[in-house]
Amino acid sequence: GPAPPGQRPPHAHRDAVAAVHPSEKGDYAVTELVAGLDHPWALAFLPEGGMLVSERPGRLRRIDASGAVSAPIAGLPKLFVDGQAGLLDVALSPGFARARRLYLSYAEPNFRGNLAGTAVARGRLDGDALKDVEVVYRQQPKLSAGSHVGSRLVFDDAGHLFVTQGDNRVAAEAAQELDKLQGKLVRIWPDGRIPDDNPFVAREGARKEIWSYGHRNMQGAALHPRTRQLWTSEHGPQGGDEINIEKAGANYGWPRVTHGIDYDGDPVPGSVGRSAPGMQDPAYVWEKSPAVSGMAFYTGKLFPQWEGNLSLGALAGQALIRLELDGDKVVHEERLLGALGQRIRDVRQGPDGAIYVLTDDADGKLLRIVPAP
């Protein structure tokens, strides 16, 4: 679709200058590479250079090394675009360089077009079009009116595809119900088949795709660089944003256990407190919600002082959150980019070791972070 009135289409900043910001571990420089992106959601680096960026209203674009932005890539699946719902994550298949296959997570409408669920489609990137598009995963039932659809995509080392989702907000209790896919982390093979070692494959009445459950709205996911375990981030209600280390078959508690309260100030309906027997405690929790979204571990060479740190975008918190870890424990938190006053949607480490960030705005930006000169 066209850019909103008064907004230039996405464009490179030819005259971009770096602004220097201080951090506890040395100054860093931020360059605005691209502006005019409409609520950009995710980015994926292409092996030939440049990247793909998804925009939530339903556009996927290629951005080359100079910052030039392509027209929208044709051939996307049918989307439900409303509120938090639309085109979400983009991930390259592990064999992308050869087969040019990529994966998209998005909100898919039901046949009436009034409700949606998280879905995953894959297709072959051929120039500026997606070909041979097929849907490999659908969240059932379709309950979302535009809220709490997640979603991030992560391939593990064995080639499984993890899909994070939300509880669709209309029925938080569905996150505890194993016959529904709301509030679940799922694990599938890239063609949609279900791995036979998934935790609930033999359980009567349970969805076999489920890896873990009791999640509220997971918008961040990344493999830990050393343990290779999947870490996820999720939005709490008012308070209680979480980082979880995902274990097969585990129950992460929502809505029975939470550190947050409902938006009206009352306890969350059905909650019994902050922890309960048989339910997994978060690896880290924020009592006041920064509204955490995309996340990435840092393993590059440009910032040796940030080696192994976990970064998360914060929407309400308008920051890039940098967490220092000791094993699986978060031992220190610092908030970066606060001076920009921007909602941060995604963060990725580039092949060049720089950190790339997307801001969540109708005039969304692509930022590149390097050490200050």
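Strand β4 (residues 40–45) pairs with β5 in the antiparallel sense over five bridges. Helices (H or I, at least four residues) and strands (E, at least two) are DSSP runs, numbered from the N terminus, and two strands pair if DSSP finds at least two bridges between them. Strands of a sheet pair through backbone hydrogen bonds, either parallel or antiparallel. The structure is a predicted model, in which local features need pLDDT of at least 70 and side-chain atom pairs count only at pLDDT 80 or more, while totals for chains, interfaces and linings use all residues. Residues are numbered from 1 along each chain as its sequence is written, and side-chain values use heavy atoms, with hydrogens and water left out.

The hairpin of β5 and β6 has three residues between the strands, and Gly58 takes a positive phi near 120 degrees. Five of the five residues of β5 (residues 51–55) are buried, so this strand is largely enclosed by the rest of the structure. Buried means under 20% relative accessible area, exposed over 50%, and partly exposed in between (1.4 Å probe, protein chains only). Both faces of β5 are covered, with Met51, Val53 and Glu55 buried on one side and Leu52 and Ser54 buried on the other.

An open sheet of four strands has the order β7-β8-β9-β10, with antiparallel pairing. Strands β7 (87–92) and β10 (129–138) stand at its edges with a single partner strand each, so one side of each is left without a neighbour in the sheet. The twist averages 25 degrees from one strand to the next; axes are lines fitted to C-alpha atoms, for helices over the stretch in contact, and angles run from 0 to 180 degrees between N-to-C directions. Four bridges join β7 to β8 (residues 101–109), and Val90 stands opposite Leu104 in β8.

Another open sheet of four strands has the order β11-β12-β13-β14, also with antiparallel pairing. Its edge strands are β11 (153–155) and β14 (210–212), each of which pairs on one side only. The twist in this sheet averages 30 degrees from one strand to the next. Strands β12 and β13 are joined by three bridges, and Val163 stands opposite Val186 in β13.

A search of the whole structure finds 34 salt bridges, a salt bridge being a side-chain nitrogen of Lys or Arg within 4 Å of a carboxyl oxygen of Asp or Glu. The side chains of Asp89 and Arg348 meet in one of them (2.9 Å, N to O). Asp89 lies in strand β7 and Arg348 in strand β23 (residues 344–349), so the pair ties together parts that are 259 residues apart in sequence. Asp89 is buried, with a relative accessible area of 1%. A polar contact of 3.4 Å also joins the side chains of Asp89 and Arg152; a polar contact is a pair of N or O atoms within 3.5 Å, where within protein one must be able to donate a hydrogen and the other to accept it, and residues adjacent in sequence count only if both atoms are side-chain atoms.

Arg322 forms a salt bridge with Glu24, with the closest N and O atoms 3.7 Å apart. Arg322 lies in strand β21 (residues 319–326) and Glu24 in the loop between β2 (19–21) and β3, so this pair ties together parts that are 298 residues apart in sequence. Glu24, Lys25, Arg322, Glu324 and Glu334 are linked in a network of salt bridges.

Asp167 is placed in the loop between β12 (161–163) and β13 (185–188). Asp167 is buried yet has no salt bridge, and the nearest side chain of opposite charge, Arg216, is 4.9 Å away. For charge, Lys and Arg count as positive and Asp and Glu as negative, while His and the chain ends are not counted. The side chain of Asp167 makes a polar contact of 2.7 Å with the side chain of His148.
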